[in-house]
Amino acid sequence: MSTKLRVPPISKRLVHHKRLVGKLEDNIIAHKLGLVLAPAGYGKTTLLVQWAHTSQFAVAWLTLNEADNDVERFFRYLLAAWAHAQPHIRASQLGLLLGSVLPDSETTLSVFINTADELTTPFVIVLDDYHLITEPSIHQALTFLIDHLPPTLHIVLAGRVEPALPLARYRARGELLEIDAAALAFSDTEARDFLQQAMQLEIEPDQSAALQDQVEGWITGLQLAALTIKHHHEDNFALSITGKHRFIADYLSTDVFAALPADTQQFLLQTSILEQFCGSLCDAVTLREDGQTMLERLEREKLFIVALDEERQWYRYHHLFADFLREMPRQPASDDVANLHRRAGRWYLAHNLPEAALQHAVAGEDIDLVADILEHYFIVKLLGHEIRIVQEWLALLPDTWRFRHPMIEIAHAGVALVTGQFGACERYLNEVERLTRTNENAQGHRARVIAMRCNIACFQNDLTQAETFANRALQDLPRDDLDFRAGIHGALGDTYRRNGRWQEAQAAYLQLLDYSDAPAFRVLAVHVYGALADLELRRGQLREAERYWRRALDAIQQRHNWNGYPLPLIGWVYIRMGELLYEWNKLIDAWDHISQGLERAELGGDVQTLIAGYLIAGRLKLTQGDTETAEHYLEQARPHVESTQFAHWRSRFERFQLEIWLAQNNLRAAILWCDGMLQDGTFPPKQIDSEFVELDVALVLIVIGNTQSIDRALALLERSIKAAEAEGLMGIIVEGLALSALAYWRLNDEASALIALERALRLAEPEGYVRLFLDFRLPMARLLQEADSRGVLSEYTGKLLTAFGDDDTFSGVIEESLLEVLTSREHEVLHLMATGLTNREIADELVISPETVKKHTGNIYSKLGVSNRTEAAMRARELNLFD
């Protein structure tokens with residue numbers, strides 16, 4: 001409700017509270033908390049409106065109501081109010097956190113303080129009608145915020161009673177600015193100005209003083225008196241407020257309401273059931289067509305109506321007047337309160353405001369309307385992780401309603417399902433079957449029962465049972481029951497994917513795209529697009545993956561989806577899109593997406609998203625030659641990998657660790673890891689992403705470089721490529737072929753190397769692979785140069801070589817790291833060894849012992865990844881170490 005976030009418009013005819021406006025303006029920035037406290041009718045809101053419109057400080061406004069007694073909702077509205085005054089706050093960490101589903105409360109408080117600490121100029125948040133907040137957790141949260149507020153942020157509360165905050169502590173510290181009823185009461189001069197300007201009464205000073213004495217500065221009392229005088233044309237001002245008129249209900253009834261035309265009385269009584277209203281809502285409730293005209297007339301006549309926006313579209317009644325109207329007797333049958341609530345509920349449902357619709361439906365005892373609301377919204381709410389809201393809706397319903405409509409039991413079953421209470425869910429479903437057994441028109445509800453049993457089976461990973469239930473439900477569900485149909489395909493897709501049945505998972509998700517018009521799909525969209533993108537990435541189809549990631553990002557960025565998705569899911573999309581951009585060597589765009597994803601992942605705290613983000617961030621930094629930062633990201637990922645059971649992420653973590661070792665030329669660590677994998681009797685491991693382990697082992701064997709190791713690598717690669725071809729994993733095939741080409745190149749089998757490379761390039765070119773080749777660095781660059789010289793896919797090969805040339809970090813990395821690792825003495829030994837001298841001859845030349853030469857030789861072999869003198873000499877020449 002945007003009207004809650006706007007500073008209400010200021011009436012030009014109202015008397016300006018100059019002294020109190022000045023007090024607020026001069027003193028608020030010296031206090032953490034401002035408190036405007038008085039009974040109804042003293043002008044608390046009017047004062048704050050006048051101050052907010054004229055203040056030099058930025059002011060955010062939030063009007064509270066009973067529905068805000070939920071800490072998550074409270075903070076979402078608090079952020080929305082802040083963003084209304086300072087839109088950039090949506091892009092802050094606080095905006096990211098509260099723009100997602102189920103933000104953590106403690107994190108929200110910490111991030112709120114940190115975000116406020118970035119303010120450079122004074123900023124004030126006004127919370128009007130705070131007396132309506134009774135939830136202890138909100139009072140506790142607000143106390144925490146006030147205790148830790150930075151000096152630039154201030155909070156002002158307006159209400160009828162003291163809030164449950166440690167006010168004594170704030171007073172003692174000089175942190176509380178207070179304005180009470182005595183301060184708000186009109187002075188004689190302000191009272192006369194109000195009667196003459198706002199109420200347009202011709203009144204003498206002594207007459208004004210007489211009224212002021214009787215109402216004791218109470219603003220609403222003056223307004224009541226003025227209305228009586230205007231309607232009854234009284235001249236005896238001193239008699240206008242005496243005796244019974246001090247009882248507000250009697251006064252309003254006798255001197256205000258009774259003087260109004262009958263149609264106005266009827267309009268007021270009928271619309272008093274509404275907390276706030278606009279013209280079309282009034283028309284729906286009253287069955288008239290002059291709602292907007294009537295509201296404008298009531299405002300002109302000062303009949304206790306308050307405009308909520310500058311456009312004069314939304315209004316509310318003054319709280320005292322609304323309470324009075326609701327207590328008035330209802331006589332005509334056409335004015336039956338239940339019917340009024342039912343019509344209001346239908347209007348709210350038609351305008352996509354289910355919470356208000358449900359409240360009026362319950363008040364109007366309209367069980368069919370309640371069922372309609374649940375049918376339209378309960379699945380969307382549950383899928384969107386708004387479980388608590390559905391629970392609150394169901395708690396509003398009388399217990400006796402549960403067995404009067406199957407939709408209510410289905411909603412109860414849905415809550416039990418998503419909270420893992422499968423036994424309770426089954427009991428609710430059994431009750432639905434009992435309620436619909438003799439109803440021929442309830443086949444749709446019975447089909448929903450079967451659909452929910454499909455979901456239970458999916459949760460329990462019983463695919464056989466799930467498929468049986470899915471087939472039955474899809475056959476019996478009405479064609480227009482899009483939400484339940486979409487839910488079936490989504491549950492099956494997730495379960496197939498969890499069990500490694502990739503093609504069936506993809507088919508289920510693609511079927512789900514047929515239900516893009518379903519309300520439930522809006523909630524599922526990012527998950528579905530992300531799942532399809534992941535499946536395409538697994539198959540090496542980069543361009544299709546990008547298409548789905550783009551659609552996921554579009555869904556996230558649509559305004560109506562704000563706070564519709566979990567923060568880790570949003571972070572996941574950005575991170576995986578960053579991985580794709582990294583592969584295409586779009587490193588600036590990649591880092592932009594990765595950093596945005598990591599920011600959300602760290603706020604959301606999801607382990608899998610954090611691991612993915614840290615690993616790709618580290619790889620990018622390693623690519624840029626920043627090994628120190630790359631290692632930092634590796635270490636950030638390590639505790640998460642070690643504390644979870646994500647085997648596929650463990651293999652990716654080990655792959656990145658291996659890349660760092662090789663970049664540092666730490667061949668010993670890489671060889672030890674490789675030996676450990678090869679000695680494991682279960683190798684190759686049978687797990688998701690185990691193909692990466694096989695490729696990594698092959699890479700280390702190629703780096704070792706002796707004939708036996710390379711032959712072993714080629715055998716391993718041949719097996720991996722065949723397995724990948726059987727499953728259609730093109731990315732694995734391309735990487736396997738590229739590694740095979742490097743292995744043949746090391747064996748000086750140039751023909752086989754170029755054959756393998758050409759196969760890899762032909763598969764990789766349509767998808768635009770770049771980093772897969774670049775990350776093999778200098779050996780791959782030399783192999784590509786040879787391919788280019790022979791006209792092998794010249795355009796693509798040229799593109800890759802250009803990318804190599806644009807990368808300042810690749811050239812000489814291996815040589816430079818070896819030069820740093822090899823000591824000067826080892827360089828001397830290596831040079832003499834290459835000339836064919838024996839150990840004793842080298843010892844004599846360098847005047848050292850043969851044992852010392854032997855020690856240096858062993859170090860050289862280890863650092864170069866070779867096993868004999870000949871290989872050492874060849875490796876040294878390959879790396880230009882003799883230049």
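## Basis and overall composition

Residues are numbered from 1 along each chain as its sequence is written, and side-chain values use heavy atoms, with hydrogens and water left out. Because the model is predicted, local features need pLDDT of at least 70 and side-chain atom pairs count only at pLDDT 80 or more, while totals for chains, interfaces and linings use all residues.

The chain holds 46 helices and 7 strands; helices (H or I, at least four residues) and strands (E, at least two) are DSSP runs, numbered from the N terminus. Of its 883 residues, 56% count as buried, where buried means under 20% relative accessible area, exposed over 50%, and partly exposed in between (1.4 Å probe, protein chains only). Among contacts between residues at least 6 apart in sequence, 67% join residues at least 24 apart; a contact means heavy atoms within 4.5 Å.

## The parallel sheet

An open sheet is formed by 5 strands in the order β2-β3-β4-β1-β5, with parallel pairing. Two strands are taken to pair if DSSP finds at least two bridges between them. The edge strands, β2 (58-63) and β5, each pair on one side only. Neighbouring strands of the sheet are turned against each other by 15 degrees on average, direction ignored; axes are lines fitted to C-alpha atoms, for helices over the stretch in contact, and angles run from 0 to 180 degrees between N-to-C directions.

Strand β4 (residues 153-159) pairs in turn with β1 over 5 parallel bridges, where Val36 is partnered by Ala158. Finally, 4 bridges join β1 to the parallel strand β5 (residues 176-179), and Leu35 stands opposite Glu178 there.

In β1 (residues 33-37), 5 of the 5 residues are buried, so the strand is largely enclosed by the rest of the structure. Leu33, Leu35 and Leu37 point one way, Gly34 and Val36 the other way, and all are buried. In a regular strand the side chains alternate between the two faces of the sheet.

Strand β3 is likewise largely enclosed, because 6 of its 6 residues are buried. Both of its faces are covered: Phe123, Ile125 and Leu127 lie on one side, with Val124, Val126 and Asp128 on the other.

Helix α3 (residues 71-85) lies across β2 and β3, running at about 145 degrees to β2.

Helix α18 (residues 354-363) is largely enclosed by the rest of the structure, because 7 of its 10 residues are buried. These are Pro354, Ala356, Ala357, Leu358, His360, Ala361 and Val362. Their cover includes α17 (337-350), α19 (367-383) and α20 (387-396). After α18 comes Glu365, with a positive phi near 55 degrees.

The axes of α44 (residues 839-846) and α45 (residues 850-864) come within 8 Å and cross at roughly 110 degrees. The two helices are therefore roughly perpendicular to each other, a term that covers angles of 65 to 115 degrees. Asn839, Arg840, Ile842 and Ala843 of α44 meet Pro850, Val853, Lys854 and Thr857 of α45.

## Nonpolar cores

A nonpolar core is a set of buried Ala, Val, Leu, Ile, Met, Phe, Trp, Tyr and Cys residues joined through side-chain atoms within 4.5 Å. The largest nonpolar core has 211 residues, of which Tyr317, Phe773 and Met780 touch the most other members. Residues up to four places away in sequence not being counted, Met780 touches Ala738, Leu742, Leu757, Phe773 and Phe804. Apart from this core lies another of 47 residues, including Leu33, Leu109, Leu145 and Leu153.

Technical notes: Parallel < 35°, antiparallel > 145°, perpendicular 65-115°, else oblique.
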